[in-house]
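Work through the exercises below with the sequence and the coordinates open. Each task is followed by a solution in steps.

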Amino acid sequence: MSEWLVLSIAMAAACAVVLTIVVINNRRIPEDDDPSETPDVIEYMTMMIGVIYAIVLGLAIAGVWEARGAAQETVRQEAQAMHEISARVEVYPQDVRSRIRADVDAYVSYVVHDEWTYMSEHGELSDEGTALLEKVRRSVTDYQPANDFEGQAYQPLVDQVGVADDARNARGQSAGETMPGVVWFGLIIGALVTVGLIFTLQIRRTGRELLLAGLFSVLIAFLLFLIWDFDAPFGRGISATAAPFTDLFPQITR
C-alpha cells in the first residue's frame with residue numbers, strides 16, 4: 001500500500017472519528033447549557049498539554065530526521081570510499097587493476113539493485129553484500145606491491161576498505177526502525193489525550209468549530225505519519241537513497 005494512501009486514510013479516519021464524537025456529544029448537551037461556563041482551569045490545562053505535546057512531536061520529528069540524515073551520510077561515505085578504491089588502483093598492473101575494479105563494481109551494483117530492497121524488507125544487511133565486500137577486501141590486501149610506488153598506494157587502499165566496511169556497518173544499524181516502541185506509545189497516548197481534551201471545551205456543531213476540530217485531528221494524524229515515515233531511513237517513502245553510488249558509479253545503471 002502506498003504511503004500517501006496510508007496518510008490519506010489515517011487523516012480521513014482521524015477527522016471522521018473526531019467529528020462523529022463531536023456530533024454525538026453535542027446531542028447529549030442540554031439546550032440550556034452555557035459553553036462560557038467552562039472552568040478557566042480546563043482551558044489552561046488544555047493549552048499546557050497541547051504545548052507539551054507539540055514540543056514532544058517536534059523533538060520526535062527532529063530525531064527521526066536527524067537519523068535519516070545520518071543514514072544518508074553513511075551511504076555517501078561508503079560510496080566515496082568505494083570510488084577511492086576504484087580510482088587509486090590506477091597505479092597497479094592492468095590485470096590487478098581490472099580485477100579490483102570489477103569486484104568494486106559488482107559490490108556497488110548489488111547494493112544498489114538488490115541490497116537496498118533487502119534492507120527495506122528485512123531491516124538488515126544481506127549476507128551476499130557482506131561477502132562481496134569481503135571479496136573486495138581480499139583483492140586489495142592479497143596483492144603484494146611490486147615497487148615503492150605501488151607500496152605507497154597500498155596502505156591508503158586498505159584504509160579505504162576499512163572506511164567502506166565501517167560505513168556499511170553503520171548503514172546496517174540504520175536499516176531498521178529507529179524510534180523505540182515506548183516512544184511510539186507515548187506519542188499515540190499523547191495524541192489521544194490532546195485530541196480528547198478538545199471535547200472538554202464544549203464544541204458546538206457550528207461550521208467553524210467543526211472545521212477547527214477536524215483540521216486539528218488531521219494535523220495530529222499527519223505529524224504522526226511524518227514521524228512514522230521518517231522512522232525507517234531506508235524503508236519508506238521519504239528515505240535515504242542510493243544516489244551517491246549511482247552518481248560515482250554511473251556504469252552500474254547502464
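**Exercise 1.** In which helix is S86 found? State whether S86 is buried or exposed, and list its contacts beyond the sequence neighbourhood.

Solution. The model is a predicted one.
- Step 1: S86 belongs to helix α2, which covers residues 40-88.
- Step 2: The relative accessible area of S86 is 14%. Buried means under 20%, so S86 is buried.
- Step 3: With neighbours within four places in sequence left aside, S86 is in contact with R101, V104 and F249.

**Exercise 2.** Describe the chain as a whole: how many helices and strands are there, and what percentage of its residues count as buried?

Solution. 
- Step 1: The chain has 8 helices and 0 strands, which gives the pattern α-α-α-α-α-α-α-α along the sequence.
- Step 2: The chain has 254 residues, and 37% of them count as buried.
- Step 3: Take the contacts between residues at least 6 apart in sequence; 81% of these join residues at least 24 apart.

**Exercise 3.** Check the length of α4 against its residue count, then find where its buried residues lie around the axis.

Solution. 
- Step 1: α4 has 15 residues, and at 1.5 Å a residue it should span 21 Å.
- Step 2: The end C-alpha atoms of α4 are 21 Å apart, in agreement with that span.
- Step 3: Buried in α4 are G129, L132, L133, V136, S139 and V140.
- Step 4: Seen down the axis of α4, these residues fall within an arc of 115°, so they line one face of the helix.
- Step 5: The spacing rule behind such a face is that an α-helix has 3.6 residues a turn, so residues three or four places apart point the same way.

**Exercise 4.** How do α3 and α5 each pack against α4?

Solution. 
- Step 1: The axes of α3 (residues 94-122) and α4 (residues 127-141) come within 9 Å and cross at roughly 165°. Therefore α3 is roughly antiparallel to α4.
- Step 2: The α3 side of this contact includes R99, Y107 and E115, and the α4 side includes E128, G129 and L133. The crossing of α3 past α4 is left-handed.
- Step 3: α4 and α5 pack at about 170°, with axes 9 Å apart. This makes α4 roughly antiparallel to α5.
- Step 4: From α4, the contact with α5 is made by G129, T130, L133, R137, V140 and T141. From α5, the residues are Y154, L157, V158, V161, D165 and R168.

**Exercise 5.** Which residues does R168 touch, not counting those up to four places away in sequence?

Solution. 
- Step 1: R168 lies in helix α5, residues 148-173, and is buried with a relative accessible area of 1%.
- Step 2: R168 touches E78, Y107, E115, L125, S126, G129, T130 and L133.
- Step 3: For one of these, G129, the separation from R168 is 39 residues in sequence and 9.6 Å in space, C-alpha to C-alpha.

Terms used. Residues are numbered from 1 along each chain as its sequence is written. This is a predicted model: local features need pLDDT of at least 70, side-chain atom pairs count only at pLDDT 80 or more; totals for chains, interfaces and linings use all residues. Side-chain values use heavy atoms; hydrogens and water are left out. Helices (H or I, at least four residues) and strands (E, at least two) are DSSP runs, numbered from the N terminus. Buried means under 20% relative accessible area, exposed over 50%, partly exposed in between (1.4 Å probe, protein chains only). Contact means heavy atoms within 4.5 Å. Axes are lines fitted to C-alpha atoms, for helices over the stretch in contact, and angles run from 0 to 180 degrees between N-to-C directions. Angles under 35 degrees count as roughly parallel, over 145 as roughly antiparallel, 65 to 115 as roughly perpendicular and the rest as oblique. A crossing is left-handed if the near helix is turned anticlockwise from the far one by less than a right angle, and right-handed if clockwise. The expected span of a helix is 1.5 Å times one less than its number of residues. The arc is that of the directions from the helix axis to the C-beta atoms.
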